[in-house]
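Thanks for asking me to take a look at this one.

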Amino acid sequence: MRSLINILDLSTEEIDRLLNVADDIILNPKKYSEVCRGKKLATLFFEPSTRTRLSFEAAMYELGGNVLGFSEAQSSSASKGESVADTTRVVSCYADIIAMRHPKEGAPLVASMHSTVPVINAGDGGHNHPTQTLADLLTIRRNKGSLDNFTIGFCGDLKFGRTVHSLITALARQKGIKIYLISPDELKLPSYIKKDVMKKNAIEYVQTTDLESALPELDVLYMTRVQKERFFSEEEYIRLRDSYILTADKLKNAKEDLCILHPLPRVNEISTDVDSDPRAHYFDQVLCGKYIRMALIMELLGIHLDEGGKE
Ligand code: CP
């Protein structure tokens, strides 16, 4: 029984295989439409979500399975004081696989230690978001043809941005990756990631506060939202929230084949006049999220199809 808590729980070879399965699902959805018949996914969301929860649910339905769960802590017995460990033990009796989002870092790991079915981390506080990373990697590979040899800029909230932390961790294992870290001083990437992930893997990086001077160098731009829910002070949030706003005008100096990503939701950091630019791929990224979660559910349930589509 295997869980996905951190992107490093998957080897680069396993990630490649998952991306290949997702590519095949995109081409041949019918082949996969019954493979989870009789299986149940539980979505335990203690924190708000649109994409992650609904894409997990859509993924399970498109595999022929069923879904149960809750979308807020208040509607579960967590509101009566039940622990994550007990909730997971109980839900293991009802479902074959669990996707959990929690505001506390490490909660899905605790869940995986008490579960009798696989647990997927669907985002834990400001820590990790491995399935968003799989969606990001699929979008990049479908766009660039490879996960090696490109320059990527991460812009916005790099301190609390769990999607940034997980994607940097994944890319640190690839070849020829150069990273621009673009943020206000207050929202810089945590030093443990610079030391334990980037320096350890000899990843070349530049740290700057200036998006416009970095833009012409980038093959991929990963914009992020300044997350109100992670701030202790409203005043500090208001001061930092509009630090970066990508507009169509600013993109004039960017590469013609730049790939613009954002895990979403966005607030102001990408102007809607960018949406019609062919370099904007953040809505493709949403669709990739559903297909890669289909591939992941199959993998963790031990469902593998041969070339002819048979189990
Ligand atoms: N990208 C992402 O995690 O979006 P949601 O918060 O809507 O799930």
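**Notes on the model**

1. Phe46 and Phe70 are both buried; here buried means under 20% relative accessible area, exposed over 50%, and partly exposed in between, with a 1.4 Å probe and protein chains only. Please keep in mind that this is a predicted model, where local features need pLDDT of at least 70, side-chain atom pairs count only at pLDDT 80 or more, and totals for chains, interfaces and linings use all residues. Residues are numbered from 1 along each chain as its sequence is written, and side-chain values use heavy atoms, with hydrogens and water left out.

2. On aromatic pairs, the rings of Phe, Tyr and Trp (its six-membered ring) pair if their centres lie within 6.5 Å; planes under 30 degrees apart count as stacked, over 60 as edge-to-face, and the rest as tilted. Three aromatic pairs are counted by this rule. Phe46 and Phe70 form an edge-to-face pair, because their ring centres are 5.2 Å apart and their planes stand at 85°. This pair links distant parts of the chain, 24 residues apart: Phe46 sits in the loop between β1 (40-45) and α2 (51-62), and Phe70 in strand β2 (residues 66-70). The helices (H or I, at least four residues) and strands (E, at least two) are DSSP runs, numbered from the N terminus.

3. Now the ligand. Which residues are around the ligand? They are Ser49, Thr50, Arg51, Thr52, Arg101, His129, Gln132, Pro263 and Leu264, taking a residue as near if one of its heavy atoms lies within 4 Å. For polar contacts, the rule is a pair of N or O atoms within 3.5 Å; within protein, one must be able to donate a hydrogen and the other to accept it, and residues adjacent in sequence count only if both atoms are side-chain atoms. The side chain of Ser49 places an N or O atom 2.6 Å from an oxygen atom of the ligand. From Thr50, a backbone N or O atom lies 2.8 Å from a ligand oxygen atom. Leu264 has a polar backbone atom 3.0 Å from a nitrogen atom of the ligand. On its own the ligand has 250 Å² of accessible area, and the protein covers 91% of this, by the Shrake-Rupley method with a 1.4 Å probe.

4. Pro265 belongs to the loop between β9 (259-261) and α10.

5. Next, the nonpolar cores, meaning sets of buried Ala, Val, Leu, Ile, Met, Phe, Trp, Tyr and Cys residues joined through side-chain atoms within 4.5 Å. The largest has 62 residues, and Leu134, Ile152, Phe154, Ile168 and Ile179 touch the most other members. Helix α10 (residues 282-300) gives the largest share of this core, with nine residues. Apart from this core lies another of 20 residues, including Leu218, Met223, Leu264 and Val274.

6. Asn149, in the loop between α5 (130-144) and β5 (150-155), has phi near 60°, a positive value in a residue other than glycine. Asn149 counts as exposed because its relative accessibility is 59%. Ala202 also is not a glycine and has a positive phi of about 55°. Its place is the loop between α7 (191-199) and β7 (204-208), and Ala202 is exposed at 67% relative accessible area.

7. Where is Ser115? Ser115 is in the loop between α4 (107-114) and β4 (119-124), and counts as buried at 8% relative accessibility.

8. Glu186 lies between β6 (177-182) and α7 and is partly exposed, at 32%. A polar contact of 3.0 Å joins its side chain to that of Arg239. Lys250, in the loop between α9 (234-240) and β9, is partly exposed at 25%. The Lys250 side chain reaches the backbone oxygen of Ile245 at 2.6 Å.
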